[in-house]
Amino acid sequence: MATTGHAEIVGAGLGGLTAAVALAQRGWSVRVHERDDEIRAIGAGIWIWSNGLKVFQSLGIHDEAVEGAHIGTVTETRDARNRTVEAIPINGGDGPRLCTIVRERLIGALVGAAEKAGAEIVTGSTAVSARPDGTVTFQDGSSARGDLVVAADGVNSRLRDGLGLVKRRVRMKQGATRVLIPRQAGFVAPEDEPKYIEYFSGSRRVLYTPSSAGELYIALVCDLADDRGRAIPIDKATWRESFPHLRELIDALDGEARWDAFEFMELTSWSAGRVAVLGDAAHAQPPYLGQGGGCAMMNALGLAHAVTRRGGSPADRLRAWEAVERPVIQHTQRFSRRLGTLNALPEAPRTAVMSLMGRSRGLARSRLRAAMTSPTGYAATAASGS
Ligand SMILES: Cc1cc2nc3c(=O)[nH]c(=O)nc-3n(C[C@H](O)[C@H](O)[C@H](O)COP(=O)(O)OP(=O)(O)OC[C@H]3O[C@@H](n4cnc5c(N)ncnc54)[C@H](O)[C@@H]3O)c2cc1C
């Protein structure tokens, strides 16, 4: 017989909501606490690789989450003169799968599945601390007890900090402004419209991501010290100077924009007693691979699988979960961080390194492994239904 109990989950982002659905579907009683008054998607669009798509299948939300999403055939990297220096084919045959989705829709699909599975979601509920015995304390002075507590409260996690679990927190030198705009002809050449394209110029990047038939997600990546690059409202003149070939696209960058600095997080342990820490709270990574959310969801599914298995104490099961999932997530985090070092290179050597990366099969394999084009660990077992 499987083990179940009551879970208190803090944070209704991709990690917390996935844990809520997966635990509730396995017979746990689940309560999710979100400090905001409504559940909102953070960011504009999102890349979901094979591992994330497998998680959707396991949760039974695949068709709803990917409905209307964009499925491109290639990811390309371009230099400052708009020349392709690297092209990785995707979504063909047995190769890697990648789907790009408007975040709002993904969060909506997860909330719907959590409620359908019987999870309770409480908004306007801010947790301030958690103890290894499973007690969570809230800002209004109340407390709750869980057989399992999931701290999925994001990169600035109060619960994690209160438990003293941080080993290394690196604030990267870059960040991104994200915006979702209507997709229109003429932003790029007609043959480029369905592609995913990362344009480089100096230390700046523009990430072009169609996310549905009518929506385009754009990320403007630059150094923290680049005041004009990171300005909101977007300083279109300075971005046009860096990317003259994207003038029409940059002129259309209107609407709500959000800036986030990139971070890298490593913990001494992903758990303390009955408290598990996951998602950006445990393993934030710069988004150069588009895998932070995929890792959060994969790890949440793996957690639900691990804690529902028989045998051992709750703390033993959390240690077993970490032993299985941590090596692959760390590989992804570290690979992603290394990709960020490309920004520091001058244009010519960077182009040379990127074309070498495009030609090297070993590097391409390592990169795709890091992008987790197939799920691993408990998530693989859970995704296959065994
Ligand atoms: C520019 C950029 C682009 C990215 N692109 C991709 C991509 O293409 N693909 C991908 O897979 N990943 C991507 N990521 C990473 C991805 O967005 C994150 O890894 C993911 O959203 C983390 O989810 P989470 O649930 O751990 O945290 P969050 O999404 O941060 O959710 C945490 C939740 O907890 C709530 N909360 C916080 N504190 C408390 C508290 N004390 N009490 C109650 N609630 C609380 C917050 O309000 C929030 O709702 C990107 C990140 C950035 C910055």
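Let's start with a pair of strands. S4 and strand S5, residues 84-89, pair in the antiparallel sense over five bridges. One caution before I go on: this is a predicted model.

Stay with S4 and S5. Together they form a hairpin, with five residues between them. Inside S5, Ile 88 is the bridge partner of Thr 75. Now look at the turn. Asn 82 lies in the loop between S4 and S5. Its phi is near 65°, a positive value in a residue other than glycine. Is Asn 82 buried, partly exposed or exposed? Its relative accessibility is 29%, so Asn 82 counts as partly exposed.

S4 has another neighbour. Strand S13, residues 196-201, is joined to S4 by four bridges, and these two strands run parallel. In S13, Glu 198 is the bridge partner of Thr 77.

In S4, Val 74, Glu 76 and Arg 78 point one way. Thr 75 and Thr 77 point the other way. Both sets are buried.

Asn 91 sits in the loop between S5 and strand S6, residues 98-102. Asn 91 has a positive phi of about 60°, although it is not a glycine. At 25% relative accessibility, Asn 91 counts as partly exposed.

Next, helix H1, residues 14-25. Start with its length.

Is H1 mostly covered or mostly open? Mostly covered: eleven of its twelve residues are buried. Among them are Leu 14, Leu 17, Ala 20, Val 21 and Leu 23. Just after H1 comes Gly 27, with a positive phi of about 95°.

Now the cores. The largest nonpolar core has 76 residues. Which residues have the most contacts inside it? They are Leu 23, Val 30, Phe 56 and Leu 148. Helix H9 gives the most to this core, with nine residues. Take Val 30 as a worked example. Leave out residues up to four places away in sequence, and Val 30 touches His 6, Ala 7, Ile 9, Ala 20, Leu 23, Ala 24, Ala 119 and Glu 120. Of those, Ala 20, Leu 23 and Ala 24 are buried residues of H1. There is also a second, separate core of 21 residues. Val 179, Ile 181, Ile 218 and Ile 234 are included in that second core.

On to the rings. How many aromatic pairs does a search of the whole structure find? Five. Take Trp 239 and Phe 243. Their ring centres are 6.0 Å apart and their planes are at 10°, so the pair is stacked. Planes under 30 degrees apart are what counts as stacked. Trp 239 is buried, with a relative accessible area of 0%. Phe 243 is buried too, also with a value of 0%.

Compare Phe 262 and Tyr 288. This aromatic pair is edge-to-face: 5.5 Å centre to centre, with 90° between the planes. The pair links distant parts of the chain, 26 residues apart. Phe 262 is in strand S16, residues 257-267. Tyr 288 is in the loop between helix H8 (280-283) and helix H9 (292-308). Phe 262 is buried at 7% relative accessible area. Tyr 288 is buried at 13%.

Trp 47, Trp 49 and Tyr 196 form one aromatic cluster.

Arg 204 lies over the face of Trp 239, at 4.8 Å from the ring centre. Elsewhere, the charged end of Arg 337 sits over the ring of Phe 264, 4.8 Å from its centre.

One last stop, in the backbone. A cis peptide bond joins Ile 232 and Pro 233, with omega about 0°. Where is Pro 233 found? In the loop between strand S15 (215-223) and helix H6 (236-242).

Notes
Residues are numbered from 1 along each chain as its sequence is written. This is a predicted model: local features need pLDDT of at least 70, side-chain atom pairs count only at pLDDT 80 or more; totals for chains, interfaces and linings use all residues. Side-chain values use heavy atoms; hydrogens and water are left out. Rings of Phe, Tyr and Trp (its six-membered ring) pair if their centres lie within 6.5 Å; planes under 30 degrees apart count as stacked, over 60 as edge-to-face and the rest as tilted. Buried means under 20% relative accessible area, exposed over 50%, partly exposed in between (1.4 Å probe, protein chains only). A charge sits over a ring if NZ of Lys or CZ of Arg is within 6 Å of the ring centre and within 35 degrees of the ring normal. A nonpolar core is a set of buried Ala, Val, Leu, Ile, Met, Phe, Trp, Tyr and Cys residues joined through side-chain atoms within 4.5 Å. Contact means heavy atoms within 4.5 Å. Two strands pair if DSSP finds at least two bridges between them.
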